[in-house]
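Have a look at the structure first, then work through each solution.

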Amino acid sequence: MSLDKILSIGGKPGLFKLLTQTRAGFVAESLLDGKKITVGFKNNVSVLSEIAIYTLDAEIPLREVFKKIQEKENGEKTPVSHKDDKLKLEEYFFEILPNYDEDRVYASDIKKVIQWYNMLQEQGITDFEVKEEVKEEVKEEVKEATKEEGGE
């Protein structure tokens, strides 16, 4: 499974796998406990493949950051936890992405990246490559759902 079907839902802990589209939103399954939830369009939802991290030069897609962590850790979980102190998190992130923009990437962002990476590792989701056909499929699903909601 690629990051194109993995979601972060505002106000809900952890990550979710997109299962199907419904009339009023979509159904997602928690990667933490496997419970299925219905999510409406009013929820703040982010697809991991669309998230990027600010650097001093440009924005780096989250999948690239995950690949860098994966290379550094030889495919294993990170030695730091998302619960570690701010300084330890920033030091680790600096090793991964030395030119990240310290003014726009907060400790809370670093915590999420580390937590998400470790959660994906636990679930065996380690393919961080771009899959064009999946990317287009997800974009089309979101576009259709937005039309049905009256967004266009």
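The model is predicted, so local features need pLDDT of at least 70 and side-chain atom pairs count only at pLDDT 80 or more, while totals for chains, interfaces and linings use all residues. Residues are numbered from 1 along each chain as its sequence is written, and side-chain values use heavy atoms, leaving out hydrogens and water.

**Exercise 1.** Find out whether F66 is buried or exposed.

Solution. Buried means under 20% relative accessible area, exposed over 50%, and partly exposed in between (1.4 Å probe, protein chains only). F66 has 0% relative accessibility, so F66 counts as buried. Y117 is also buried, at 0%.

**Exercise 2.** Classify the ring pair of F93 and Y100.

Solution. Start with the rule: rings of Phe, Tyr and Trp (its six-membered ring) pair if their centres lie within 6.5 Å; planes under 30 degrees apart count as stacked, over 60 as edge-to-face and the rest as tilted. The centres of F93 and Y100 are 5.1 Å apart and the planes stand at 75 degrees, so this pair is edge-to-face. Both F93 and Y100 are buried.

**Exercise 3.** Name the aromatic cluster that contains F128.

**Exercise 4.** Describe the backbone of N74.

Solution. First, the background: most residues other than glycine have a negative phi. N74 is not a glycine, yet its phi is positive, about 55 degrees. Next, check the surface: with a relative accessible area of 67%, N74 is exposed.
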